[in-house]
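Let's take a friendly walk through a protein model together. Have the sequence and the 3D view open side by side, and look up each residue as it comes up.

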Amino acid sequence: MADFEKIAFVASETRDAEDAYAALVKRYGNVPPKEADAIVALGGDGLMLQTMHDHLHSSIPIYGMNRGSVGFLLNDYKENRLKERLAAAEITVIHPLRMVVRDRNGDTHEALAINEVSLFRQIHQAAKLKIGVDETTRLGELICDGVLVSTPAGSTAYNLSAHGPILPITAPLLALTPISPFRPRRWRGALLPNDARVLIEVLEPEKRPVSAVADHTEFRNVVAVEIAEASAVDIFMMFDPGHTLAERILAEQFDY
């Protein structure tokens, strides 16, 4: 069983999170994240997502405790026996998506997404998109508000709200989900192997401008977006026994 003597605490800017931060730092001390055995994030899912982005390449496990309004990625908040909880926690390893964007100026941009990569129409005009998978065109024209590619970890977030499938956390899959499709109206998306390379091209980009978003990083006026799993990037999330991310995703499928 690992020792967790050195803990780095981070908190969102809410009263509950700041109060918890002060109490825990007083009780357990605090070290810089690069020196920590574990990072404890105090807030909601947004803070947890930001913490994972901030430490994408550190290999330091992250344990979230809920001090926000949403806590799907978090454990219950308890001040007592924190080191024991960290030692007993189960670790889930997830991989982000890598988004490579080309915009109307010919510039290329890159970003990582832990939850999903999304494309959205920028104005009142619907987007027209062409979708290819592994260099084969699968949908020549999708007229819609947008489309997204989700990881299993993100499948219960925006993907679920867009009526996409919930993916078990260990499933080697990605969800390709349309957002308000107009034509073909009945297309509900696709499940892809996690090693698939998705290319989404924007048709009529001048008339129907589109933005691309990797979690919270946005690029506007894009003409093509390539999406693939960044399998070499490991993110270590910690959960209390019996409350792992896999269990939460499974339970979500029976909650209505």
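Ser-180 is partly exposed, because its relative accessible area is 47%, and buried would need a value under 20% while exposed would need one over 50%. This residue lies in the loop between E11 and E12. Keep in mind that you are looking at a predicted model.

**Around Ser-180**

- Leaving out residues up to four places away in sequence, Ser-180 touches Cys-144 and Asp-145.
- Ser-180 and Ala-224 are 44 residues apart in sequence, and their C-alpha atoms are 20 Å apart in space.

**The six-stranded sheet**

- E11 belongs to an open sheet of six strands, in the order E12-E11-E10-E7-E14-E15, with antiparallel pairing.
- At the edges stand E12 and strand E15 (217-219), each of which pairs on one side only.
- From one strand to the next, the twist in this sheet averages 20°.
- Strand E10 (residues 146-150) pairs with E11 in the antiparallel sense, over five bridges.
- To trace this pairing on screen, find Gly-146 opposite Ile-179 in E11, then Val-147, whose bridge partner in E11 is Pro-178.
- E11 is also joined to strand E12 (residues 190-193) by four bridges, and these two strands run antiparallel.
- Here Leu-176 has Ala-190 in E12 as its bridge partner.

- Another open sheet has five strands in the order E1-E2-E3-E17-E4, and its pairing is mixed.
- Strand E1 (7-11) and strand E4 (90-94) stand at the edges with a single partner strand each, so one side of each has no neighbour in the sheet.
- The twist here averages 30° from one strand to the next.
- E1 and E2 pair in the parallel sense over five bridges, and Ala-11 stands opposite Leu-42 in E2.
- Helix H1 packs on this sheet and touches E1, E2 and strand E3 (62-66), with a direction that makes about 165° with that of E1.
- Helix H2 lies across E1, E2, E3, E4 and strand E17 (235-239), and runs at about 150° to E2.

**The annotated residue**

- Which residue does the UniProt annotation "active site" cover? The record, an unreviewed entry, places this annotation on Asp-45.
- Asp-45 is in helix H2 (residues 45-54).
- Is Asp-45 buried or exposed? Asp-45 is buried, because its relative accessible area is 14%, which is under the 20% cut-off.

**The nonpolar cores**

- The largest nonpolar core has 30 residues, of which Met-99, Val-117, Leu-119, Leu-129 and Val-225 touch the most other members.
- Strand E8 (residues 127-133) gives the most to this core, with four residues.
- Apart from this core lies another one of 28 residues, among them Ala-36, Ile-39, Ile-166 and Phe-239.
- Not counting residues up to four places away in sequence, Leu-129 has contacts including Leu-119, Leu-139, Leu-142, Cys-144, Val-147 and Ile-200.

- Asn-115 lies in the loop between strand E6 (108-113) and strand E7 (116-121).
- With a relative accessible area of 12%, Asn-115 is buried.
- Beyond its neighbours within four places in sequence, Asn-115 is in contact with residues including Leu-49, Val-149, Ser-150 and Asp-215.
- Glu-35 lies in the loop between helix H1 (15-28) and strand E2 (38-43).
- Glu-35 is partly exposed, with a relative accessible area of 40%.
- Glu-35 and Leu-142 are 107 residues apart in sequence and 48 Å apart in space, C-alpha to C-alpha.

Methods. Residues are numbered from 1 along each chain as its sequence is written. This is a predicted model: local features need pLDDT of at least 70, side-chain atom pairs count only at pLDDT 80 or more; totals for chains, interfaces and linings use all residues. Side-chain values use heavy atoms; hydrogens and water are left out. UniProt positions are given in the numbering used here, feature names are shortened, and annotations may be inferred rather than shown by experiment. Buried means under 20% relative accessible area, exposed over 50%, partly exposed in between (1.4 Å probe, protein chains only). Two strands pair if DSSP finds at least two bridges between them. Axes are lines fitted to C-alpha atoms, for helices over the stretch in contact, and angles run from 0 to 180 degrees between N-to-C directions. Contact means heavy atoms within 4.5 Å. A nonpolar core is a set of buried Ala, Val, Leu, Ile, Met, Phe, Trp, Tyr and Cys residues joined through side-chain atoms within 4.5 Å.
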